[in-house]
Amino acid sequence: MADFGGDADTFRGEAKAWLAANFPASLKGRGGSIYTEGPAPSGADFKAWTAAMGEKGWGVPTWPKAYGGGGLSSDEARALQREMNAVGAWNPIGGMGVMMFGPTLLEYGSEEQKQRHIPPIVKGEIRWCQGFSEPGAGSDLASLQTKCEDKGDHWLVNGQKVWTSGAQWADWCFCLVRTDTTKKHEGISFLLIDMRTPGIEVRPIQLISGNSPFCETFFTDVKVPKENLVGPLGGGWTIAKRLLQHERSGLSGAGGGARMLGLGAASPSDLAKTYVGLDAHGRIADSDLRSRVTAHEMESRAFQLTAIRGMVEARSNQGPSTATSIMKNAGTKVMQDRAELTLEIMGSQGLGWEGEGFSGEELAAVRLWLGGKATTIFGGSAEIQNNIIAKRILDLPDPLSASSH
């Protein structure tokens, strides 16, 4: 049952009035961004909109009011989103703090940690990066070797992380470290590290898309306060698994990651009308392309509706489940199919890298297509997700442990 603190029409009316008073018209239709792949957007209107949403708590509408969140029910959050969609408004507050770290800290953090770190995330004041993967610990993440030693009044961290998204812009890092070398999973702890601490070096990695969203991150004798340990010593693997569920939920589109996956750009049908043209009946002139565009947009819409339903169920069931692995694979496939279809529709205009012969939208489409190749790898590769689906959802036997006949 919805909990509007009154009736649904009253809440929608309040939301509509608040948006009319606070959403800058100049931002209408420009679309939001999780901006993990670049510096935060600037501009007076963007800053004003971010401040307003942060103060209201509606950037994270269902998070508890005690930490600055909106305190809304799932039904209220959906109603708010519908009102935002109606006026072309979008959520300016995102990033890893919202998508994965914040929800995890709300579940596992101490009261002091939540009071310190959640409000700045709610207001979009700080950015977080993820220190998980290492050169020798990717798919087998539990093999990580970044060492964390207890020095009495502080932790001392030494090691290297790789594919650290947005590390060059981040204020803080949630990091998996090894506190016990005699145990694999039970020797991992979850640590919060201020990225301004001496001994941290960040080196951006340039991708084929031309962007540098990922980095190598080096820790050399980095001192971390004792209070920055989340959960019990050696309890990091349990926390990490939960956080990765939130990550997959976000990357699938269920947690707002649809924008990150490029699903907020112009639709293939609109692009086809511009680049391919219409027949006498007002349809896309190429009948084969028309069929494939229709099939893709049906699949995309079905996925988005499923993602919304999954998000509501996750909130009612105290967080995401292993079903996020299904959604992550499905969402990335929809995104990659869309990128391929977009370039096909653009024809030779979809082959540009730079130059005056191409529009900004055309160049962006090429880079999105190239960058999108990584989505079936980061956040847990498609193969890893398939293993999770087979083991934890379908309950299939492990072929490596099964007896051969």
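Me: How many aromatic pairs does the structure hold?
Reply: This is a predicted model, in which local features need pLDDT of at least 70, side-chain atom pairs count only at pLDDT 80 or more, and totals for chains, interfaces and linings use all residues. Residues are numbered from 1 along each chain as its sequence is written, and side-chain values use heavy atoms, with hydrogens and water left out. Rings of Phe, Tyr and Trp (its six-membered ring) pair if their centres lie within 6.5 Å. The number of aromatic pairs in the structure is 13.

Me: Are the rings of Trp128 and Phe174 stacked, edge-to-face or tilted?
Reply: Planes under 30 degrees apart count as stacked, over 60 as edge-to-face and the rest as tilted. The ring centres of Trp128 and Phe174 are 6.3 Å apart and the planes stand at 35°, so the pair is tilted.

Me: Is Phe214 buried or exposed?
Reply: The rings of Trp163 and Phe214 have centres 5.9 Å apart and planes at 90°, so this pair is edge-to-face. Buried means under 20% relative accessible area, exposed over 50%, and partly exposed in between (1.4 Å probe, protein chains only). Trp163, at 47%, is partly exposed. Phe214 has a relative accessible area of 9%, so Phe214 is buried.

Me: Which lysine lies over the face of Trp155?
Reply: A charge sits over a ring if NZ of Lys or CZ of Arg is within 6 Å of the ring centre and within 35 degrees of the ring normal. At 4.9 Å from the ring centre of Trp155, the residue over its face is Lys226.
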